[in-house]
Structure formats: structure tokens, C-alpha cells
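Keep the viewer open and try each task before you read on.

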Amino acid sequence: MLTLILFLLAGLVLPLFPLSLGVNLLLQQDPASALGGRLAHPAARAGLLVLLPLVGVGLLALGRLVAGGEVGALATVFAMWGGLTSVFYAFRLLSVRDGRIWLAQLYTSALALIWVGAAHEVPPLLPALGLALSLLPLLFLFDGLAVRFGSARVGLYPGLGLCMPVFSTLFILAVLMAVAVPFSPGFFAISELGFGGVGRNELLTLLPLGLSWLLWTWSGINLLAGIVFGTPRDDLAYADLGARVAVRHAAALLALALFGLFLVEGML
Amino acid sequence: MLGSALAVRLVADRQSLLVPRISVGASALTLVLALLLFLQQLGATSGRMLGLGLSVFTLYIDWLSTLMALLVSAVGLVVHVFSVRYMRDDPAYVRFFVLLDGIIAVTLLMVLAGDLLTLLLAWHLVGVLLYFLLNHETRRRPATRYAFWTLFTHRIGDLPLLAVVALVYHAFGTLAIPEVFAALAAAPQATTLLGLPLAGTLGLLILIAAFAKSAQFPLHTWLPYTMDGPTPVSALMHAGIVNAGGFLINRFAPVFVHTDSVLLLALAVGLISTIMGSLMMLMQSDIKKALGYSTMGQMGYMVMECGLGAFSLAIYHLIAHGVFKATLFLGSGAIIAKARKDPNIPEGEIYQFMVERKVPRPPVSWIIFAGITVTVPLLIVFGAHQLVDGGFLHRQGALILLLFGWITGAQTLFFVYKIGGERPFTLLLYVILSFAMVILTYVVVGHAFDALLYPDPDFREALYQAAAVDSGWFVLVLLLLVALIAMGWFIAFRFVAEGQPPSRRWRTLYLNLYTLMSREFYIADLYSRAGEAVLAASKRTNALLRWR
């Protein structure tokens, strides 16, 4: 019973629908609200994105410890629940146009996959970190868009690729990293979950991983199509990233790619 | 090539003139290295692994990988050289060269990959980089739309490969390609957790991955529509990237020898794609789109060859196709520009037939001509095979390929009859001689590729056996097909001789078919509708849950 409670608590932060509604509410807070004000700075939200999965992984480990490692049927139920949550949020992500909602839903879809691996005894810490860290570059760049244009939203200011080429290049890389394209920690996290889980149950592992991954790509392309590509508006003032900020972002992306390699070396 | 991409980006702001020099120079150097690697491998007795001491980024140097690297780097150099002038006035000149270098680098990594994770990484990145190259004209909505189709289809092809990697790692605990093949050979009866044969499951997944990259039905819609990218990208795509499917099937040939009936799927899908691509090609008025469908048909043929067990022939086919298709794409712009001034079609029978639509009355007896059409190509293809490889008759795959050679030859001779003219038998003789040359070359080179890529005759035989079906049924179906096709030719000849082509005789059916084909069987429309429905459902769900 205690294991079930701990797993359900973990399901709040390694989100399982409908427990996921809470974490989505938190991550989507409007900066104008009281709680949102405290999370207005991107660093605070980045901290939250990294902290929440760690809490979830801790609760998961505690649940396993309490059960003495014997969580067979319960783990399978949670794995199916996690897989369904992941695909469900990946499907919902397709129609999201707001940056904050997009990140919150992708976080939900990605971190729910930890349950798929956990059921098959894949150590959850590194995949959880990999999936969460992959979202950070985009979080900061969404914040940059909100600062410049008032909100980070698809379709409001298309064609940034022509007006803000440096920002756009980094934005493209950040989106690719978020949707787990190779060299992102997210890709290696998915590989680790897949390689580990397939030894226990092929369908239960590969189906949610594959479907979510496919739908993330689709929604990532929607972001690029509405922000980077298209014809720029004439009535907006565009300010590209300065060299120093750009180098900082690029270095962060490179560091994350190296972390991805570290993950794969640990995995094989 | 990756170094070149980085160097191009770094020097672009200060020394823009250096951009093409660096890029073309790196491309030429890559070709030289690929050639040296290939020549070195020619004298080797087996493949070898190269690595950096990491678990990923290992390279497997064998005959297949070096041959493919040679093709990729050669096509890459031609496309680079062509792009220098073609793209000169383009504002996104630098970005284009960075992406071009990048895609050639990952394609080379793909063909040379020594472990399955590197293969998956490169396989995946090819699709991503192609998306950005096709989206070169960032303002154009169609470019964005069809680039998305491309990436999405390629991603569908990535998923089975991910499953392959996961299954192999679980089964054998290694991802190194030669070790995987050795482990599978030691335990060919291994099964998955679901109790399915492992080799068969892997084979099936590999085929699906290959179908997506090589634009096979029903994953073909991305290819004919991606014409908004620059012409050099089209050339690279049609001469290089679509070949990835054929390469993948060949790379995993040691898996397919342990499968049973899986290759029949390749045969069926390849056949459908060949017929569909060729039909669609004839329906197009846009030269680039026609070439796009032609590529689909050719790739279908290549996949079909694999489905028949003729793996090395597929490699020869993809190289030959790559060379001529790159030439056609790179020349298409100049041809269109010239044709606008002067169509340059010589006056005579062909001009009357093709342009003025005057169908002359055939001057000779249709029975004689039909007899020649049905028998001579059959004798040529049979004779050429017999000359080069006397033992081909027991291979079902070789017989099916022979059948296709026969149909192709007969179609050409039928066309000669339709054109008519004053000296039909002279023209017929020229066509027969050309056909004999083509078939003989095809067979000889095909056998040379066989000996190069799969030097072990037992392995070659095992590939043909993996593609074989029950011999009694096979002979029955083959004879039935031959009889039906021969009868079809005789009927077609008779109709033409009577001046009543089938299109006039069964007009309603013909028009209905024409309409269906002009809408490309509604497949692209169906996908578009399905995509819109999914997006609408997603929006409704989000609204219901207040986007939480």
C-alpha cells in the first residue's frame, strides 16, 4: 500500500494523467499571477524542470525500497499508465501554440516515459535527467521571445529565420534537442529506456517510445514552421541575439550534446 | 565534410569567396579518400572495424561500405561543383553549403557505420538535414509543408530501426555490426520475447525502415512533392539519399539469409511501387515531378530486386540510377530553358507521333511484328543470362528478373511498331541491338557486383533461397504470367493494327482510370485529411482539458 502511495506521489512529478494536471498547472503559470511571479525568471523554471524529475525518481526508488524490489504487477500497470500518458500528451502537443504550454506538455510526455523503463528496472536517474535537461535550452529561448515580443507563441511573428538568423539557428537546435534528435541527451535517454525495457516487454516499451517520439517531431516542426519559417511581419522590430549571449547558448547546447554522449557511453 | 561545414560557417562573414572553395575542396578530398579506401578494400579478404575508443562512431570498412562511400562522395562532388554557380546569387548561399556539407557527412557516416547506434544516428540525421535543405526557400509555404512530409516519413522509418537496435542489443549484448551478424549466424533460431523469430522480425523492421527512406508505397508521397528545394538538393536526394533503403537491405543481408518469406514483402511492395511510380510518371506535365515519380519506380525496382534475392544487383541498379538521375536533374533547368526557345525535336516520324499526335498506319503485318516482339527480347535476356551464368535457371529471383527484362524489351519493340515509318525493320534492328547491349552489360556488371559484394557463392545462393517460394507453385505462376503477357501483347498489336487502341474502345473505364491517376490515387489527399483530423482532435482535447 505504501508503495502504491509513493508511486502515486511520484506520478505527480513524473506525470501520470490525470495527476499530470497539477504539474502542468504549475509549469504553465502566468508570470502575472502570484506563483507565476516567483517563477517568472527562466532560471527558476529551469530549476523546477530539473528538480521535479529528481523528486519523482527519489519517490520511485523509495517505493521500490519499501516493496523490497517486488513490484512486478504494480510496475507493469504504472508502465502502461506512463506510456499512455506520454502518447496522450504528445498527441495534445500537436495543437499547442503557446511556448509555456508546449514545454509543460512536452515535459509531461517525456517524463512519463520514465515509468516505462522503471517497470523493466532501467535505472531512472540518468534518463530522467537527460529528458529534463533537453528542454532547458528551449525554455531560455522561449523566454527570449517573450521578452522581445510579449509572448512566446507560434504564428505571431513568423519568418524569424530571415530577421534574427543567430537566434533562429539556436532556436532550431534547441527544438531539435527538445524533441530528442540524436546527440541530445533526450535521444540517448530514449535509447536507454528502449534498450533496457525491450528485454522485458517489447510492445509495452517500443510502442509508447516510438509513438511519442514521432509526435514530438511533428509538434517540433509545427514550432519551427510558425516561428522560424514564413514571411516576416513588417510592423515588428527585430533584435537578434548578441555575440556573447549566442556563444553562451551554443556552449550550453554543446555541453548537453556531450552529456548525451556520456549517457550513451554509460549505457553500452 | 563536417570540418568543411564548420569552416564555411566561420569564414562566411569575412571571406565569402572562400565558401565554395572550402566546400568543393573538402568534397574533392573526400572523393579521393573514398576512392583510396575502395581500392585498398579491393585487395582485402575481409572487412575491418575502425573506432575512436568510444562505443559509438565506429566505422566498418568492407566492400559494400566503401563502394557506397565512393558513390556518395562522387555524387556529392558533382552536386557541389554544380551548386557553386547555380546558387551564387542566392542570399542563403552559406547556409546551403553548410547544410550540403553536413548531409554528405552524415550520409557517409551512415554507409560506413560500424555499429547500429551510429547507423541509427546517421540514418536519423539524414532526414533532419534534408528537411532544412528542402526548406531552403523559407518564405514559401509549399516548401515548408512538403519538407515536413519528408521529415515525418523519414521519422516513421527511424522507428523500426530504433526497434532493430533495441532488439539486437537485448539479444546479443553488442551493437558492432560484424559481431551482430556472427551472433545471429550462431543462433539463427533465436526468438523475441513474443515468440516471433528474431531474424524474421529484424528483417521485417529493416524493410519498413528502407521503404520510408526509398519512397516505397505507401510511404512514397514525400518524394514527388519535394520539388521546392533547390535543384542540386533534388539531384542529391534522387541520386543519393533515396538509395539508403537499398543500402540498408544490403547491409543487413546476413540477417535476411535466416528469414523465411520476409523478402516476399519487399517483392510485393517493390512491385507496387514500380508500377505506381511508372504510371504516375507518365501522368505528370512537370519535368521535375515526373522525375520524382520515376525515382519512386526505380527504387521500387531496386527493392524488388532485393525481394528476389538479387541483392548485389540492387546496388548496381542504385548506382546506375543515381548517376543518370543526377544528370537528368542537374540538366533539367537547362533543358526547360532551351525548350522554351526551341523544342529541338527532329522532324520525322517521332515528331509526328509525339508532338502532332499523328498515328501512322503500321506498314507491316501485325502478326509478324508481334511474333518478333514477343520472342526476340525473350531470346536476348535468356541468352545473355545463359552466356554469363549458366546455372541461373534454378534461381527463382533470376527468372523473375528475366521476365521483367523481357517485358521491357517487348514494350520498346511495340513502340517501334506504333511509330511505324518507312523503314520499320531498320529501326527495329537498331533497337534490338541496343537492347541486347544493355541486357548483356547489365548481366555482366551485375555478376561483377555479385562477386565483389558477396564473394561467397554459398551466401549468394542462401540469399536467393531466402527469397524463394514453393517451386511447383512458382513454375505454375511463371508459366501463367508468360502466357498472359504474350497474349496481352498480341491483343495490343491487333488493336493498334485496327486503329482502335484500348483507350478508345473502353473510353469510360479509361477516363475513370485517368481521373484516379491524375489525383495520384488520392493517397496524398488521404494523408492530408488524416493529418488535419488528428490536429483538430488534438485541439478539441486540449480545449476540453483547458490545455493542462
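Predicted model: local features only at pLDDT ≥ 70, side-chain atom pairs only at ≥ 80, totals over all residues.

How many residue pairs are in polar contact across the interface of chain B and chain A? Residues are numbered from 1 along each chain as its sequence is written, chains are lettered from A and ligands numbered from 1 in the order in which they are written, and side-chain values use heavy atoms, with hydrogens and water left out.

**Exercise 1: the interface**

Task: describe how chain B meets chain A.

Solution. 
- Step 1. The rule finds 15 residue pairs in polar contact, both residues at pLDDT 80 or more. A polar contact is a pair of N or O atoms within 3.5 Å; within protein, one must be able to donate a hydrogen and the other to accept it, and residues adjacent in sequence count only if both atoms are side-chain atoms.
- Step 2. Helices H5 (116-134), H6 (141-172) and H24 (523-544) of chain B each supply at least two residues of the side that touches chain A. Helices here are DSSP runs (H or I, at least four residues), numbered from the N terminus.
- Step 3. H6(B) gives the most to that side, with 15 residues.
- Step 4. Now count contacts (heavy atoms within 4.5 Å): 45 residues of chain B touch 52 residues of chain A.
- Step 5. The two chains bury about 4500 Å² between them, with 76% of it on carbon and sulfur atoms. Buried area is the accessible area (1.4 Å probe) lost by two parts on being put together, summed over both.

**Exercise 2: a nonpolar patch**

Task: which helix of chain A gives the most to the nonpolar patch?

Solution. 
- Step 1. The patch on the surface is formed by eight residues, including Met1(A), Ile5(A) and Leu65(A), with about 780 Å² of accessible area together.
- Step 2. Helix H1 (2-13) and helix H4 (42-66) of chain A each supply at least two of its residues, and Leu65(A) lies in H4.
- Step 3. H1(A) gives the most, with four residues.- Step 4. Patches are made of residues with over 30% relative accessible area and no salt bridge, nonpolar side chains (Val, Leu, Ile, Met, Phe, Trp, Tyr) being joined within 5 Å. A salt bridge is a side-chain nitrogen of Lys or Arg within 4 Å of a carboxyl oxygen of Asp or Glu.

Key: Patch = residues over 30% accessible without salt bridge, like charges linked within 9 Å, V, L, I, M, F, W, Y side chains within 5 Å. Areas by Shrake-Rupley, 256 points an atom, 1.4 Å probe, with all protein chains shown as cover.
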